Amino acid sequence: MSIPSARQFTSTLDKTSFSPLHSHEYRTNLVARYTHALYRWYVARSQQTRNWNPDRGFDWRALRQNPSERLTQILEGFYAVEQYAPDYTAQLITLARKSYGRAQFQIRWGSEEEKHSDLWRNTLLFSRARTPKQLEDYTRDLRENAWEAPFQSPLEMLFYTVFQERATQLIYLKTGAIARGENPSFPGEADPVLAKVISAIAIDEAAHYDFFLEVARLHIYYFPDEALRALVTVMKNFVMPATKLYPNYDAFITVLYEAQIFSPRLFARDVAKPAMAALGVDTIRAVEAGIIRSRETPDAGGMFRPDKAFTGCNLGIVESAVQNLFGRIERFENEVGLSDIMPTTFEPWGDVLTIPDEAKPAGA
Ligand SMILES: [Fe+2]
Ligand SMILES: [Fe+2]
């Protein structure tokens with residue numbers, strides 16, 4: 001479906017009181033269009049900078065052998081989580097299928113996640129931590145259960161993946177410190193090949209986080225009411241993926257906690273707080289209060305009042321981040337020539353919404 005132009009929309013309406021951005025459908029099409037543009041940028045960058053192969057990209061014969069059982073439990077846990085990539089991908093594609101860009105992205109995302117699983121398999125095998133038979137038996141056990149998306153709406157799953165990708169990146173970065181010999185509670189485990197493996201995956205997870213964060217921010221910008229509600233729901237019910245699916249999950253999580261690789265405290269400090277800040281949100285409590293207030297303030301004539309919906313979220317931060325995203329997309333489209341046929345242009349709220357000075361980021 002083509003997006004109606006602003007002129008088409010306003011031709012029969014009072015131009016002073018109505019903007020096409022007041023239309024939910026118009027904004028839905030805009031966000032779908034923008035997500036597609038970001039997906040194009042993402043694929044080009046992924047192929048250019050992260051196109052490694054799980055077998056040929058690493059010197060497997062040089063991998064350190066016989067890691068401690070504690071480190072093995074961590075590596076095996078990583079494999080367990082990543083090997084559900086087909087389940088994650090199938091469900092996320094189905095949820096996102098109405099958005100061309102997001103559904104296409106989920107295929108690309110799945111192709112990156114499946115390589116993580118292959119890397120962990122190789123790590124367990126080449127380190128001799130597990131025999132081929134142990135690995136096959138373990139995989140068979142894992143495949144007895146299928147992953148189910150923890151939330152049913154595409155919007156909630158979008159916010160879920162923002163936090164989940166950031167948490168995964170954090171966990172890998174902290175495990176990387178073990179492989180670099182920088183974690184004193186894992187003496188003698190330094191291994192440059194393992195460090196390279198972990199770094200490759202952590203860079204992917206950072207790229208995933210960035211993509212989901214940008215799309216989540218677009219939703220907050222254009223659909224503050226729905227998006228902030230979804231954010232609250234996700235934050236209040238967050239669990240890491242596949243926690244109930246594999247038999248040795250408790251042992252895995254115990255090692256992660258003991259080694260300070262992951263914990264509820266680390267999640268709050270290094271995952272939730274920075275991710276929410278990037279979404280223009282200080283605390284979930286402030287967003288909840290905003291949701292209640294916006295419910296108590298009926299819109300005159302039923303018109304959407306975005307300024308009310310942003311209560312609890314710093315619109316200035318969100319808008320300037322969205323503007324930066326368009327700078328990135330514009331450069332890409334100029335380079336490849338898409339700007340000649342199908343340029344992606346940012347449609348800000350502009351006069352529809354006045355941002356109070358105190359809500360603008362410093363220097364804006
Ligand atoms: Fe992954
Ligand atoms: Fe990921």
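Author: A residue is termed buried if 20 or more other C-beta atoms, placed from the backbone, lie within 10 Å of its own, exposed if 12 or fewer do, and partly exposed in between. Thr 94 counts as exposed because it has 12 C-beta neighbours inside 10 Å. The model is predicted, so local features need pLDDT of at least 70 and side-chain atom pairs count only at pLDDT 80 or more, whereas totals for chains, interfaces and linings use all residues. Residues are numbered from 1 along each chain as its sequence is written, and chains are lettered from A and ligands numbered from 1 in the order in which they are written.

The protein chain contains 15 helices and 0 strands (DSSP runs numbered from the N terminus, helices being H or I with at least four residues and strands E with at least two). Of its 364 residues, 35% count as buried. Among contacts (C-beta atoms, placed from the backbone, within 7 Å) between residues at least 6 apart in sequence, 80% join residues at least 24 apart.

H3 has 14 residues and reaches 20 Å from its first C-alpha to its last, close to the 20 Å expected (1.5 Å times one less than the number of residues). H3 is largely enclosed by the rest of the structure, because 10 of its 14 residues are buried. These are Leu 71, Ile 74, Leu 75, Glu 76, Gly 77, Phe 78, Tyr 79, Ala 80, Val 81 and Glu 82. Their cover includes helices H4 (85-96), H5, H6 (132-142), H7 (154-179) and H10.

Consider H5, residues 100-126, whose axis lies 8 Å from that of H3 at an angle of about 150° (axes are lines fitted to C-alpha atoms, for helices over the stretch in contact, with angles from 0 to 180 degrees between N-to-C directions). H3 and H5 are therefore roughly antiparallel (over 145 degrees; under 35 is roughly parallel, 65 to 115 roughly perpendicular and the rest oblique). Their crossing is left-handed (the near helix is turned anticlockwise from the far one by less than a right angle; clockwise would be right-handed). From H3, Leu 75, Glu 76, Phe 78, Tyr 79 and Glu 82 meet residues of H5 including His 116, Trp 120 and Leu 124. This contact comprises 5 nonpolar, 3 polar and 4 charged residues (Ala, Val, Leu, Ile, Met, Phe, Trp, Tyr, Cys and Pro are nonpolar, Asp, Glu, Lys and Arg charged, and the others, Gly among them, polar).

Arg 70, Gln 73, Ile 74 and Gly 77 of H3 touch Ala 251, Phe 252, Val 255 and Leu 256 of H10, a set of 5 nonpolar, 2 polar and 1 charged.

H7 packs at about 155° against helix H8 (residues 192-222), with the axes 8 Å apart. H7 is thus roughly antiparallel to H8, and their crossing is left-handed. The residues of that contact divide into 18 nonpolar, 8 polar and 3 charged.

Definitions and conventions. Two residues are in contact if their C-beta atoms, placed from the backbone, lie within 7 Å.
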